[in-house]
Amino acid sequence: MDQDYTTFSNQIKKHTGIDLSLYKEAQMKRRLIALREKKGYDSFSDFYDAMKDNNTLLDEFLDRMTINVSEFFRNPTRWEVLEKEMLPRLLSDRKSLNVWSAACSTGEEPYTLAMLLRKAIQLKDFSIFATDIDELALKRAKLGYYLERSLKDVPEDMKAKYFEKDGIGYKVEDILKEKITFAKHNMLADPFKSEFDLIVCRNVMIYFTEDAKAELYRKFSTALRPGGILFVGSTEQIFNPKQFGLESVATFFYVKK
């Protein structure tokens, strides 16, 4: 790691609490160099000096760092497994569910969860804690406004029930928002809540080092109640779940023993 980037990483950790050393260096450095050069800075030192006095630039840095790529029902077959197999399993011994959408980006994931949970739980007794490190992404999530392409996998009946056409996009209806609490959270540094029935964390772990991933899987396991389920992304299979107190129950789904 070159000294300019090392110093920048240390400064960012002090300023924001974000530890860049826990992310895969080559990927992260390439992404941040592209942003730095786009903004006209020759070094990370100059980039940091500008960023610490410019919240807009800091927000752009966080947005670039957190790769906000999302859509409703991303990888639809996995969501079908959640709906048809995992939710009935979770609801076999309880009538309410406490769910965490970790690294929720711009909100498509927690809103997808809300649609499925409203369908599965007749009394609508559930809560969704939706978190991300990126405040810009959270603002967009709370706003709940999406372009057509984000909704391509939303079933037509759900699209009609939970979205209102508005100009070039769609607004999420308030009835879908009411069970979701959005909050800023740094998974790599902040404490976790506990007693979750379901934790969904998809398509973000691939950016972390192996040590960081192992620590997160341990913390996710601790945050689940016994019998709770962890749902990960299509590139994030856990190859030795037993070391985290987990057991595979379907591809990309793990139950806490």
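Me: What should I know before I start?

Reply: This is a predicted model: local features need pLDDT of at least 70, side-chain atom pairs count only at pLDDT 80 or more, and totals for chains, interfaces and linings use all residues. Residues are numbered from 1 along each chain as its sequence is written, and side-chain values use heavy atoms, with hydrogens and water left out.

Me: At what angle do the axes of helix α1 and helix α2 cross?

Reply: Helices (H or I, at least four residues) and strands (E, at least two) are DSSP runs, numbered from the N terminus. Axes are lines fitted to C-alpha atoms, for helices over the stretch in contact, and angles run from 0 to 180 degrees between N-to-C directions. Here the axes of α1 (residues 3-16) and α2 (residues 25-38) cross at roughly 90° and come within 12 Å. That makes α1 roughly perpendicular to α2 (65 to 115 degrees). Asp4, Tyr5 and Phe8 of α1 make the contact with Glu25, Met28, Lys29, Leu32 and Arg36 of α2 (heavy atoms within 4.5 Å).

Me: Which residues of helix α7 are buried?

Reply: An α-helix has 3.6 residues a turn, so residues three or four places apart point the same way. In α7 (residues 135-143), Ala137, Leu138 and Ala141 are buried (under 20% relative accessible area, 1.4 Å probe, protein chains only). The buried residues of α7 fall within an arc of 100° seen down the axis, so they line one face of the helix. The arc is that of the directions from the helix axis to the C-beta atoms. On the other side of α7, Lys139 and Leu143 are exposed (over 50%). The buried residues pack against α6 (108-120), β2 (126-132), β3 and β6 (180-184).

Me: In what order do the three strands of the open sheet come?

Reply: Strands of a sheet pair through backbone hydrogen bonds, either parallel or antiparallel. Two strands pair if DSSP finds at least two bridges between them. The order is β3-β5-β4, with antiparallel pairing. β3 (145-147) and β4 (163-166) stand at the edges, each with a single partner strand, so one side of each is left without a neighbour in the sheet. Four bridges join β4 to β5 (residues 169-172).

Me: Which are the edge strands of the seven-stranded sheet?

Reply: The order is β6-β2-β1-β7-β8-β10-β9, and the pairing is mixed. β2 and β6 pair in the parallel sense over five bridges. The twist averages 20° from one strand to the next.

Note on methods. Parallel < 35°, antiparallel > 145°, perpendicular 65-115°, else oblique.
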